[in-house]
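Dear colleague,

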Amino acid sequence: MNDDEIHLRRAIELSRQAAAAGDRPYGAVLVKDGQRVCEARNRQTSARDVTAHAEMELVRDAQRVLGPEALQGSTVYASGEPCAMCAGAMYWAGVRRVVFSVSQAEMARLAGGALLPITLREVLAHASTPVEVSGPLLEAEGAQVLEQAAREARRR
């Protein structure tokens with residue numbers, strides 16, 4: 001198992017925790033110089049904040065606790081492909097690599113809901129400083145969490 005898989009599996013585990021807490025099932029991990037330095041999960045429902053996506057929470061927490069320099073040149077691992085809002089926050093914070101599990105198209109198919117019809121690669125394509133994007137990776141593993149959360153939501 002390589003480092004990308006290890007960190008991405010942690011993001012997927014955080015997505016399970018988000019779902020268990022009643023939030024949308026997304027998680028994110030920040031890695032700097034090969035070390036996991038911060039992690040977060042989606043808190044949109046529990047925080048009553050539509051911007052509390054896992055990646056936004058990660059950027060906010062890392063800057064508050066570790067300082068802005070912690071994000072410079074870092075990698076974010078996300079259980080789902082980050083949206084345009086999260087892409088912008090990560091870019092401005094200095095993240096230079098993003099690895100995700102489930103693509104936006106697959107998330108829309110599995111969980112439905114409102115999505116902006118633009119991929120992470122499209123958002124970052126014209127950035128003045130390049131950001132490497134890798135994914136989908138381990139998509140079946142990440143999709144299982146979304147499928148389970150969607151089934152449970154239908155039962156409510």
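Does leucine 138 count as buried or exposed? Before the answer, please keep in mind that this is a predicted model. Leucine 138 counts as buried, because its relative accessibility is 19% and the cut-off for that class is under 20%.

**Backbone features in the loops**

Leucine 138 lies in the loop between β5 and α7, and its phi is near 55°, a positive value in a residue other than glycine. The loop between β5 (132-134) and α7 also holds proline 136, and the peptide bond that leads from glycine 135 to proline 136 is cis, with omega near 0°. As background for both features, most residues other than glycine have a negative phi, and most peptide bonds are trans.

Another positive phi, of about 50°, belongs to arginine 48, which is not a glycine either. Arginine 48 sits in the loop between α2 (44-47) and α3 (54-66), and, with a relative accessible area of 81%, arginine 48 is exposed.

Helix α1 runs over residues 3-20, which makes 18 residues, and spans 26 Å from its first C-alpha to its last, close to the 26 Å expected at 1.5 Å a residue. The buried residues in α1 are Asp4, His7, Leu8, Ala11, Ile12, Leu14, Ser15, Ala18 and Ala19. Why do they lie on the same side of α1? They do so because they cover an arc of only 155° around the axis.

**A cavity and a pocket**

The count comes to 1 cavity of 30 Å³ or more, and the largest cavity has a volume of about 40 Å³. Its lining is made up of Ser15, Pro25, Tyr26, Ser79, Gly80, Val102, Gly142, Val145 and Leu146, and the elements that give two or more residues to this lining are β3 (75-80) and α7 (139-155). The largest share, 3 residues, comes from α7. By class, the lining of the largest cavity divides into 5 nonpolar, 4 polar and no charged residues. Ser15, one of these lining residues, is also among the buried residues of α1.

The second largest pocket has a volume of about 220 Å³. Of the 13 residues that line this pocket, Asp23, Arg24, Pro25, Ala149 and Ala153 are the closest to its centre. Which element gives the most to the lining of the second largest pocket? Helix α7 does, with 5 residues. The lining of the second largest pocket has 7 nonpolar, 2 polar and 4 charged residues.

With best wishes

Note on methods: Residues are numbered from 1 along each chain as its sequence is written. This is a predicted model: local features need pLDDT of at least 70, side-chain atom pairs count only at pLDDT 80 or more; totals for chains, interfaces and linings use all residues. Side-chain values use heavy atoms; hydrogens and water are left out. On a 1 Å grid over the protein atoms alone, a cavity is a set of points where a 1.4 Å probe fits but cannot get out, and a pocket is an open set with protein on both sides within 12 Å along at least five of seven lines; lining residues have an atom within 4 Å of a point. Grid points are joined across faces, edges and corners, and a volume is the space filled by probe spheres set on the points. Helices (H or I, at least four residues) and strands (E, at least two) are DSSP runs, numbered from the N terminus. Ala, Val, Leu, Ile, Met, Phe, Trp, Tyr, Cys and Pro count as nonpolar, Asp, Glu, Lys and Arg as charged, and the others, Gly among them, as polar. The expected span of a helix is 1.5 Å times one less than its number of residues. Buried means under 20% relative accessible area, exposed over 50%, partly exposed in between (1.4 Å probe, protein chains only). The arc is that of the directions from the helix axis to the C-beta atoms.
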